[in-house]
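The following report describes selected features of one structure. The sequence and the model are shown first.

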Amino acid sequence: MARPIVLDTDTGVDDALAICLAMRSHEIDVACITAVSGNIDVDYATANILRTLDAIEPNRRPPVARGAGRPLVREPVCADEVHGGDGLGGAHALTDDDGRPTYPPSDVPPAQDAAQDVILREIRERDGDITLVAVGPLTNIARCVQADPAAIGSVREIVVMGGVFDRPGNVSICAEFNIYADPHAAAIVFDCGAPITLFPLNVTEQVTLTRDAVNRHGNDGLGRFVRDITGHTMEFAAQYEDAQGMYVHDALTIAYLVDEGLFGFRDACVTIETSGDISAGLTAADLRDRPRFKDTPNARIALSVDAPRFLALFEDRVLRG
Ligand code: BDR
Ligand code: CA
């Protein structure tokens, strides 16, 4: 039976790719998709989920709900230099030959209820079956923990893209964007008692989606959507990351639910630094082969991935789509 998930996203480019992979994977039943402020403002994030679903044209559309417009404590930070001002690499402004927008705002409205209420309702109704997949700042999930800790404690698993260990981050010298954007929320979630599987930069930066692969399939269907939204991020990546293409961080969480064997894991106790000009958003864990600090593990951390196998899966389900 397909595994029911709630997908919580600050819909920038790699978030949209995660939505595409989830919607195109029969192993997964996307119960709802919720938006959070992060890469971009939450209203854009909500609109981008709806636009992405329009591009996918699924048989059954999951409900989409708008969530937190700002972090629990800190001022909002965004990542529009990576994802473009619209979060989809400038795709909002693209036009067809006849001058009409290629990706117009969706006709389908978001749900009336706030993301937190939609998430908690799904958890309660599905009685321990839901997997929460969080690929943005953890604000919505932390709010759910605050509102109903027992419900969150009952989920099957929380799968998080975030954090970085023993190497520089991508938004500060020691922090990864999703954790940095709302470290207080992350601290609450890592303390909530539910089983957490974490995909930090250590593993997501092992996979590059190349320009060549995207261009090969970029003429029509979902492949064209992917080509249209990834160009801006590819340009950014060429300056700072990998000249061949871009990282697709968030899509790895979905691939894990399709094929867990793609990844290698280590159990550890993850703590989040919530303060300090330099240290806010730092994720700490003793990942040595013989750990000296043996606190009870609160997470399973993905540290290795079979990148070619992941890319074959992505190509097959999304780029050829
Ligand atoms: C994470 O930050 C965001 O910019 C991406 O969407 C991803 O979730 C990578 O650090
Ligand atoms: Ca994201």
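Strand β1 (residues 3-9) and strand β4 (residues 131-134) run parallel and are joined by four bridges; two strands count as paired if DSSP finds at least two bridges between them. The bridge partner of I5 in β4 is T131. Strands (E, at least two residues) and helices (H or I, at least four) are DSSP runs, numbered from the N terminus.

The model is predicted: local features need pLDDT of at least 70 and side-chain atom pairs count only at pLDDT 80 or more, while totals for chains, interfaces and linings use all residues. Residues are numbered from 1 along each chain as its sequence is written, chains are lettered from A and ligands numbered from 1 in the order in which they are written, and side-chain values use heavy atoms, with hydrogens and water left out.

**The sheet and its helices**

Eight strands make up an open sheet of mixed pairing, in the order β3-β2-β1-β4-β5-β6-β12-β9. Its edge strands, β3 (64-66) and β9 (263-268), each pair on one side only. On average, neighbouring strands of this sheet are turned by 25° against each other, direction ignored. Helix α4 (residues 115-126) packs on the sheet, where α4 touches β1, β2 (28-35), β3 and β4; contact means heavy atoms within 4.5 Å. The direction of α4 makes about 155° with that of β2. Axes are lines fitted to C-alpha atoms, for helices over the stretch in contact, and angles run from 0 to 180 degrees between N-to-C directions.

Helix α5 (residues 139-147) has the buried residues T139, N140, I141, A142, C144 and V145. Buried means under 20% relative accessible area, exposed over 50%, and partly exposed in between (1.4 Å probe, protein chains only). These buried residues of α5 pack against β1, β2, α4, β4, α6 (149-153) and α8 (183-190).

**The calcium site and helix α1**

The calcium ion (ligand 2) is coordinated at 2.3 to 2.7 Å by D10 (OD), D15 (OD), D15 (OD), V135 (O) and D250 (OD). Donors are N, O and S atoms within 2.8 Å of the metal (3.2 Å for Na, K and Ca), and sites may look incomplete because water is not among the atoms. Along the chain, the donors follow the spacing D-x4-D-x119-V-x114-D. D15 lies in helix α1 and D250 in the loop between β8 (245-247) and α12 (251-258), so the pair ties together parts that are 235 residues apart in sequence. Both D15 and D250 are buried.

Helix α1 (residues 13-23) also meets helix α13 (residues 307-319): their axes come within 9 Å and cross at roughly 75°. The two helices are therefore roughly perpendicular to each other, a term for angles of 65 to 115 degrees. In this contact, L17, C20 and L21 of α1 meet F310, F314, R317 and V318 of α13.

**Individual residues**

Most residues other than glycine have a negative phi. Two exceptions are listed below.

| Residue | Phi | Location | Relative accessibility |
|---|---|---|---|
| D127 | about 45° | loop between α4 and β4 | 69% |

N48, in helix α2 (residues 42-56), counts as buried at 0% relative accessibility. Not counting residues up to four places away in sequence, N48 touches T11, I40, D86, G87, L88 and H92.

Note on methods. Parallel < 35°, antiparallel > 145°, perpendicular 65-115°, else oblique.
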